[in-house]
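Take a look at the chain below. A short walk through a few of its places follows.

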Amino acid sequence: MSDEPASGEAEATALVAAPPVERVVLPVLPLRNTVVFPGTVVPISVARASSLRLLEESLPQSKSLALLLQKDPSQDEPGIEGLCGQGVIGKVLRMIRQGDDAVVVLVHGESRMRVHEAVQLQPYVKAEVEVLESVELSGDGDHWEAALRNLRESAHRLMSLRPDIPEEARMALDEITDPSLLTDFLGSNLSIEAKEKQKLIEETGVARRIEMVQRHLNSQLHIAELQSKLRQDVQSEFTEAQKRAYLREQLRAIQRELGEEGSAEEQVEDLRQRLEAAGLPEQAQQYANRELRRLELIPPASPDHSLIVNYLETLAELPWNVLSEESINLPKAEEILDRDHFGLVKVKRRLVEYLAVRQLNPTGRGPILCFLGPPGVGKTSLGQSIADALGRKFARISLGGIRDESEIRGHRRTYVGAMPGRLIQELRRLGTRNPVLMLDEIDKIGADFRGDPASALLEVLDPRQNHEFTDHYVDLPFDLSQVIFIATCNSLDTIPGPLRDRMEIVEIPGYTETEKLHIARQYQVRRQLAEHGLKAEQCVWQEEALARVIEDYTREAGVRNLERQIASVIRHIAARIAKGEVERVEVTPDVVREALGPPIYVRESVLQSSVPGVVNGLAYTPTGGELLHIEAIRYRGKGGFTLTGQLGDVMKESVRAALSLVRNRAETLGINPADFDEYDVHVHVPAGAVPKDGPSAGIAMFTALASLFTNRPVNKQVAMTGEVTLRGLILPIGGLKEKTIAALRAGIKTVVIPRMNTKDIPELPDEVRECLKIVPVDTVDEVLSVALE
């Protein structure tokens, strides 16, 4: 072994002036008995509450941390004074949760640094740090070449005496040519105390570090040589355990010769045949062959063996060239859609158009459809109907609540427990490259430091990019262009703009009460009777009973809760039949009340009489349309104005705009202007516990105030909706279908709407157009001429 380099004259010639330093502010992660060196990757277990909070708050903004060793490892919450003054700037590569109160972070050391000053002490430490550059070697080049060669040879000797050191470390040692990186690599792998490693961190001179690492290597070599001699002495005795292991290996060899045991070679050959049968693309086949060659060299007991086998099995089971036979029969498709769904005429028409284009151009890149609608209207089942009409396989992927990008793109195989993303997993399970995949609840995707799944979906849902989709686990391009993606959502507000731009939105409105009645009679009652083991003749529903369930016990746009209430009634009847009390039950409104109790919802109905200041307004909610009685009163006061009924900001502004408009038109309406100063006004919208907002109640507010101050009652058979401006113009509104259905349900005869909404009248249900008189208006004067008696 060569002598250690001297620390006197050589050091004086080796040191050169350090370059100017830079300062940055970083969160400080205290370390117990762990020292991270530049150029190394180290896993760190984090369990302290302050350190966990540091990671949660800092990582979304920056992956860089200041890593400092604790002076006293027993301290739970060391302050800045309890930490060493010098450490390393580390970058977090990955964070793995191990329960609610512990994580493991994979950190890459980047550069040495010195703490300049602390800028934050609570809830965790932040400090301004100076980046330290290593002082490179200078002077006699032959001297340092000899010193580095001596260092490398000593390290090789130590590795040859330590069988626990992996071969990869030996290879890495030969590949490192930079003296600074070499000393840091060896320092991180030395079996020395943390305080000795800290001294290596604090030393910026490469020459001095070479001397320190050489000294530690000499000591480690001496210990390793003694251990090797002891092991050789012990192993010289042929123990009984070794004898059994030797005989067992001989037995396995005999069994292989007799063909009585499956071998690793047979497993490799089986995988090779399966991969060839899978029809992989040329690039993927070359990659698979390389992995097969690695598998042949790795013993079965090695952990890498099972990882490679799992990977190759995934490649072999993916449908690289397997396509389901597609047959599009448009009349049959319409029949399937009508069979599975009632109503939804516009939606069905759009789906038939979509299928027609695919029939004419099977290889075309059609749009990605996104069904937008409230819960329970049949968005997911529409996707299943499309798959049935095409003869393709169907799978549903629920995206609600996912926050990890790996759910879409998969995990890299370098991590323990890595697996493909949800898309590749479903394609592997279905065994075809052209299924119908339903991306459910796409509006409920989250995002955090683990990535943004919504951004990962941009490639998946782009027909011009997804023909080369690369999953991190598979690590090979896979063609998704033949997959029909259909998304569902309840709202567009939470979907990022770029993702929304890649989809065609198909709105699915709520069902009318008539449609719900048909759905309940044709689908839900039959399904629930079968699930409860009853025959149709044992439980006969009256139409009035179904209507009572819809009106008094549900308030929703869809029919999911309606089916629950029908199931409750049928369970009540099934219990009576099972007890032998009755053999057959006709379900009447009284039976419904007996099973479900008093009505849960009471809807507003038409006013009993026409009263000044009271107007029938119309509102649109996620569960459908509603009739609102807007009430206004006045009393002696000083011109005060009160609003109640849990109104939102937009609705409050509509009321104030309506009052300003009434005051502006006081003379035209025959109102004494002094009344506005002599009376206080109170406007209230009943059902005060329910939040209300939106501009469409503007003309109803104006009519209520005009009726109040002119003392002319509003026709109780008239309801209205529309936004009002300060010029007295009526602006268009949304939800006309739901609002007119609510008016019809409440017994209203006339509905006043903005004239710009006349384009929506043909889309209204036939019963609405037949039973309601719809009056389009442009100005508030037209509204008053229709509404006031």
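Leaving aside its neighbours within four places in sequence, which residues is V42 in contact with? This is a predicted model, so keep that in mind while reading. V42 lies in strand β2, which covers residues 41–46. Its contacts beyond those neighbours are T34, V36, V105, L106 and V107. V42 has 18% relative accessibility. Buried means under 20%, so V42 counts as buried. Now look along the chain to L271, 229 residues from V42. The C-alpha atoms of V42 and L271 are separated by 35 Å.

Next comes a histidine. H216 is found in helix α7, residues 206–235. Is H216 buried or exposed? It counts as buried, because its relative accessibility is 16%. Setting aside neighbours within four places in sequence, H216 is in contact with L190, I192 and E196.

Turn now to the aromatic rings. How many aromatic pairs does a search of the whole structure find? The search finds 4. One of them joins Y287 and Y311. Their ring centres are 6.1 Å apart, and the planes stand at 80° to each other. That makes the pair edge-to-face, because angles over 60 degrees count as such. The pair links distant parts of the chain. Y287 belongs to helix α10 (residues 282–297), and Y311 to helix α11 (residues 303–317). The two tyrosines are 24 residues apart.

The charged end of R94 sits over the ring of Y415, 4.0 Å from the ring centre. Likewise, the charged end of R634 sits over the ring of Y679. In that case the distance to the ring centre is 4.5 Å.

The last stop is a pair of helices. Helix α13 spans residues 345–360, and helix α14 spans residues 379–390. Their axes come within 12 Å and cross at roughly 35°. The crossing of α13 and α14 is right-handed. Which residues make the contact? From α13 come V347, L351 and L355. From α14 come L382, I386, A389 and L390. By class, the contact of α13 with α14 has 7 nonpolar residues, with no polar and no charged ones.

Definitions and conventions:
Residues are numbered from 1 along each chain as its sequence is written. This is a predicted model: local features need pLDDT of at least 70, side-chain atom pairs count only at pLDDT 80 or more; totals for chains, interfaces and linings use all residues. Side-chain values use heavy atoms; hydrogens and water are left out. Rings of Phe, Tyr and Trp (its six-membered ring) pair if their centres lie within 6.5 Å; planes under 30 degrees apart count as stacked, over 60 as edge-to-face and the rest as tilted. Helices (H or I, at least four residues) and strands (E, at least two) are DSSP runs, numbered from the N terminus. A charge sits over a ring if NZ of Lys or CZ of Arg is within 6 Å of the ring centre and within 35 degrees of the ring normal. Buried means under 20% relative accessible area, exposed over 50%, partly exposed in between (1.4 Å probe, protein chains only). Contact means heavy atoms within 4.5 Å. Axes are lines fitted to C-alpha atoms, for helices over the stretch in contact, and angles run from 0 to 180 degrees between N-to-C directions. A crossing is left-handed if the near helix is turned anticlockwise from the far one by less than a right angle, and right-handed if clockwise. Ala, Val, Leu, Ile, Met, Phe, Trp, Tyr, Cys and Pro count as nonpolar, Asp, Glu, Lys and Arg as charged, and the others, Gly among them, as polar.
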